[in-house]
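This report describes the fold of one protein chain for a reader who is new to structural analysis. Please keep the sequence and the structure in view while reading.

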Amino acid sequence: MERTLVLLKPDCVQRRLMGKIISRFEDKGLNIIAAKFMHVTPDLAKQHYAEHVEKPFYPGLEAFITGAPVMAMVIEGLEVIRVVRDILGATSGLKAAAGTIRGDFSSSRQMNLVHASDGPEASAREIALYFKPDEICEYEPTLTPWLKAGDE
Ligand code: CMP
């Protein structure tokens with residue numbers, strides 16, 4: 001089992017798309033094991049987007065991500081880091097394939113609705129930035145035997 005950090009970004013919250021987007025993860029059979037509605041502070045934004053802080057688009061990205069609340073979640077599942085990024089689609093909503101979240105709901109590079117960790121190291125780092133260990137509610141879904149075979 002893998003875990004990934006997912007943020008429903010301020011545009012997702014403001015556009016009232018949270019329910020639809022959470023449904024896509026639930027419909028796929030993924031397991032939400034932590035969730036928190038919160039404001040991202042400028043300090044947290046700089047830690048989260050450390051690799052982008054020096055880029056020309058960073059000031060706009062910080063203003064965007066701190067401009068309204070986000071819904072932070074930890075999602076668990078087999079190969080979940082790749083699976084969630086496939087569900088999101090390419091970074092820019094203009095390039096994302098139809099059928100992906102960004103392809104269906106976004107027409108922007110910055111306002112792309114959802115963030116998800118891009119690898120195991122980022123996932124561990126980002127989950128620790130947004131959640132304390134006791135905020136993660138691991139459980140065994142009763143539906144598991146109907147979602148995958150025992151040897152998967
Ligand atoms: P995300 O997956 O959260 O990771 C970094 C974010 O920076 C990305 O989604 C976009 O919202 C944003 N981003 C990436 N590239 C650009 C860009 N060239 N201009 C503006 N925003 C960008």
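With which residue does Arg3 form a salt bridge, and how far apart are the closest N and O atoms?

## Basis of the model

The model is predicted: local features need pLDDT of at least 70, side-chain atom pairs count only at pLDDT 80 or more, and totals for chains, interfaces and linings use all residues. Residues are numbered from 1 along each chain as its sequence is written, and side-chain values use heavy atoms, with hydrogens and water left out.

## The sheet

Four strands make up an open sheet, arranged in the order β2-β3-β1-β4 with antiparallel pairing. Helices (H or I, at least four residues) and strands (E, at least two) are DSSP runs numbered from the N terminus, and two strands pair if DSSP finds at least two bridges between them. The edges of the sheet are β2 (31–38) and β4 (114–116), each of which pairs on one side only. From one strand to the next, the twist averages 20 degrees.

Strand β1 (residues 2–8) pairs with β4 in the antiparallel sense over three bridges. Leu7 has His115 in β4 as its bridge partner.

## Salt bridges

A salt bridge is a side-chain nitrogen of Lys or Arg within 4 Å of a carboxyl oxygen of Asp or Glu. A search of the whole structure finds seven of these salt bridges. Arg3 forms one with Glu138, and the closest N and O atoms are 3.3 Å apart. This pair links distant parts of the chain, since Arg3 is in strand β1 and Glu138 is in the loop between α7 and α8 (144–147), 135 residues apart. Arg3 is partly exposed at 28% relative accessibility, whereas Glu138 is exposed with a relative accessible area of 56%.

Lys36 and Glu135 form another salt bridge, with 3.0 Å between the closest N and O atoms. Here too distant parts of the chain are linked: Lys36 belongs to strand β2 and Glu135 to the loop between α7 and α8, 99 residues apart. Lys36 is partly exposed at 23% relative accessibility, and Glu135 is partly exposed at 26%. The salt bridge between Asp86 and Arg82 (2.8 Å, N to O) lies within helix α5 (residues 80–88), where the two residues are four apart, about one turn of the helix. Salt bridges that share partners also join Arg3, Glu76 and Glu138 into one network.

## The nonpolar cores

A nonpolar core is a set of buried Ala, Val, Leu, Ile, Met, Phe, Trp, Tyr and Cys residues joined through side-chain atoms within 4.5 Å. The largest core has 22 residues, of which Val6, Leu8, Ile21, Phe25, Ile101 and Val114 touch the most other members. At least two residues each come from β1, α2 (18–27), β3, α5, α6 (101–105) and β4. Helix α5 supplies the largest share, six residues. A second, separate core of 20 residues includes Leu7, Val40, Ile65 and Tyr130.

Contact means heavy atoms within 4.5 Å. Residues up to four places away in sequence aside, Leu8 touches several residues, including Val13, Ile21, Val70 and Val114. The buried residues of α5 are Val80, Ile81, Val83, Val84, Ile87 and Leu88, and they pack against β1, α2, β3, α6, β4 and α7. Just after α5, Gly89 takes a positive phi of about 90 degrees.

## Helix α7

Helix α7 (residues 120–130) lies across β1, β2, β3 (70–77) and β4, and runs at about 55 degrees to β1. Axes are lines fitted to C-alpha atoms, for helices over the stretch in contact, and angles run from 0 to 180 degrees between N-to-C directions.

Which residues of α7 are buried? They are Ala122, Ser123, Glu126, Ile127 and Tyr130. Seen down the axis of α7, these buried residues fall within an arc of 125 degrees, so they line one face of the helix; the arc is that of the directions from the helix axis to the C-beta atoms. On the other side of α7, Pro120, Glu121, Ala124 and Ala128 are exposed. The cover over the buried residues of α7 includes β1, β2, α3 (42–48), β3, α5 and β4.

Note on methods
Buried means under 20% relative accessible area, exposed over 50%, partly exposed in between (1.4 Å probe, protein chains only).
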